[in-house]
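Visitor: I would like to learn to read helix packing and a few local features. Please take me through them one at a time.

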Amino acid sequence: MRDRLNPARNYLLTCGHVAAPNARVATDDLLTIDDHGQAREGRLVEWQPALGFGVFRTKIDAALIEVAAGDAIALRSSGGFVPAGLGGAATADLPVSLRRRSKPLSGVLKVFWSGYVDVPGLSPGEADYFLADAIGYLCSESTEEGDSGGAIWDAFERLMGMHIAGLHQAPRGAANAVFGPIAPVLDWYSVQPYLRDDPAILPASRAHGAPVVGDRLAVTPVPAVGLPVDEEIAVVAATLWGEARNQGEDGMRAVAWVVANRVRRKHRGLTSAAAVCLARKQFSCWNDNDPNLPKMQRIAASPDRNYIAASAIARELLTSGLQGRDVTNGATHYYARSLRPPAYWARGKTPCAAIGGHLFYNDID
């Protein structure tokens, strides 16, 4: 999700009872997000209902977790979870599917539903809040506790709502699960989801294997379920532009070699150029507070000479491998010479190259 009033702010949306399951949680609590084995961080911003303070009546069970812009771009490319649009009105027998980390489950809408909800582990056997104006649906298989927060899509892969809970001991053929419609959530928090054709931010490819041949990076073609190589090129190009556009083509090519070397070494377990670029706090241009970030989000729509050069380098890296000698001598790290004090990780180390305004290092763990 992104903020309607401040689109630079990015969020994950999940159930309130997932992100804030008891009375001890507080605004700005730091949460860890498991993105297919890679840990990302977010901060709890808002949620409903407030569990542990009595049985409240609410129309939404939802929480916002704010994430860094780079993480938002990476997350929206994970596993095909970006919807094609927003769905229409809920009608009886409308086909839907529950999108979750394991295989999707098919279902059909059945009834409008309101009732008491017992959150597992909070007060067993007692109602914790009253959910109003939800929708009951019949799922092809029983849902699991970890499915809470999963998106509900219609047959056209448009977002309808968010799975909240299973209905235990439901009669055969009746609704056996409940989801909350998405529209009230979007209105309450004043947010909107990223959609597949959304031009607002640079897209990203999900990570995929990248074998290395000699001094050249060879990238396995993106599988059909992923995004086009051109979209991964956009992420790399933005990184080169954001990090070294004031250093000309040589400076941007040097940064590209660092990206290639990190892929080669599987730095932090990452095996694609886009994943390397978007890793949290690794390339400062993707940091939330970096002045480059809003410029990067606009540059592809109106490219300058440096971005055109950055795109050419990124395409070379991802389609045929960088040509020529590695001018950084195998560097995986660098920092700006102007940085005061110097990067802590460079203490006691000797640069292996000095290119443009950056010092490069090849002996950092």
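Visitor: How do the axes of α5 and α8 cross, and within what distance do they come?

Guide: First, the ground rules. This is a predicted model, where local features need pLDDT of at least 70, side-chain atom pairs count only at pLDDT 80 or more, and totals for chains, interfaces and linings use all residues. Residues are numbered from 1 along each chain as its sequence is written, and side-chain values use heavy atoms, with hydrogens and water left out.

Guide: Now the general idea. Two packed helices are described by the angle between their axes and the distance between the axes. Axes are lines fitted to C-alpha atoms, for helices over the stretch in contact, and angles run from 0 to 180 degrees between N-to-C directions. Helices (H or I, at least four residues) and strands (E, at least two) are DSSP runs, numbered from the N terminus. Here, the axes of α5 and α8 cross at roughly 30° and come within 10 Å.

Visitor: Which hand does the crossing of α5 and α8 have?

Guide: A crossing is left-handed if the near helix is turned anticlockwise from the far one by less than a right angle, and right-handed if clockwise. For α5 and α8 the crossing is right-handed.

Visitor: Which residues of α5 and α8 meet?

Guide: Contact means heavy atoms within 4.5 Å. From α5 come Glu249, Met252, Arg253, Ala256 and Ala260; they meet Asn306, Ala309, Ala310, Ile313, Glu316 and Leu317 of α8. The contact of α5 with α8 holds 7 nonpolar, 1 polar and 3 charged residues. In these classes, Ala, Val, Leu, Ile, Met, Phe, Trp, Tyr, Cys and Pro count as nonpolar, Asp, Glu, Lys and Arg as charged, and the others, Gly among them, as polar.

Visitor: At what angle do α4 and α8 cross?

Guide: The axes of α4 (residues 229–244) and α8 (residues 305–319) cross at roughly 130° and come within 8 Å. Angles under 35 degrees count as roughly parallel, over 145 as roughly antiparallel, 65 to 115 as roughly perpendicular and the rest as oblique. So α4 and α8 are oblique to each other. α4 passes α8 in a right-handed crossing. By class, this contact of α4 with α8 has 13 nonpolar, 3 polar and 3 charged residues. Among the α4 residues in it are Ile233, Val236 and Trp241; the α8 side includes Tyr307, Ile313 and Leu318.

Visitor: How do the axes of α4 and α5 cross?

Guide: At roughly 120°, with the axes of α4 and α5 (residues 248–265) coming within 9 Å. α4 and α5 are therefore oblique to each other. The crossing of α4 past α5 is right-handed. Leu240, Trp241, Glu243 and Ala244 in α4 meet Gly248, Gly251, Met252, Val255 and Ala256 in α5. That contact of α4 with α5 divides into 6 nonpolar, 2 polar and 1 charged.

Visitor: Now single residues. Is asparagine 292 buried or exposed?

Guide: Buried means under 20% relative accessible area, exposed over 50%, partly exposed in between (1.4 Å probe, protein chains only). Asparagine 292 has a relative accessible area of 14%, so it is buried. It is found in helix α7 (residues 292–299). Its side chain reaches the backbone oxygen of glycine 242 at 3.4 Å. Leaving aside neighbours within four places in sequence, asparagine 292 is in contact with Gly242, Arg245 and Cys285.

Visitor: Where is histidine 267 placed?

Guide: In the loop between α5 and α6 (273–278). Histidine 267 counts as buried, because its relative accessibility is 15%. Not counting residues up to four places away in sequence, histidine 267 touches Arg262, Gln282 and His333.

Visitor: What is the phi of arginine 268?

Guide: Most residues other than glycine have a negative phi, and most peptide bonds are trans. Arginine 268 has phi near 60°, a positive value in a residue other than glycine. At 59% relative accessibility, arginine 268 counts as exposed. Lysine 281 also has a positive phi, near 60°. Lysine 281 lies in the loop between α6 and α7 and is exposed, with a relative accessible area of 62%.

Visitor: Is the peptide bond from glutamine 48 to proline 49 cis or trans?

Guide: The bond is cis, with omega near -10°. Proline 49 sits in the loop between β4 (38–48) and β5 (56–58).

Technical notes:
Polar contact = N/O pair within 3.5 Å; in protein donor to acceptor, adjacent residues only side chain to side chain.
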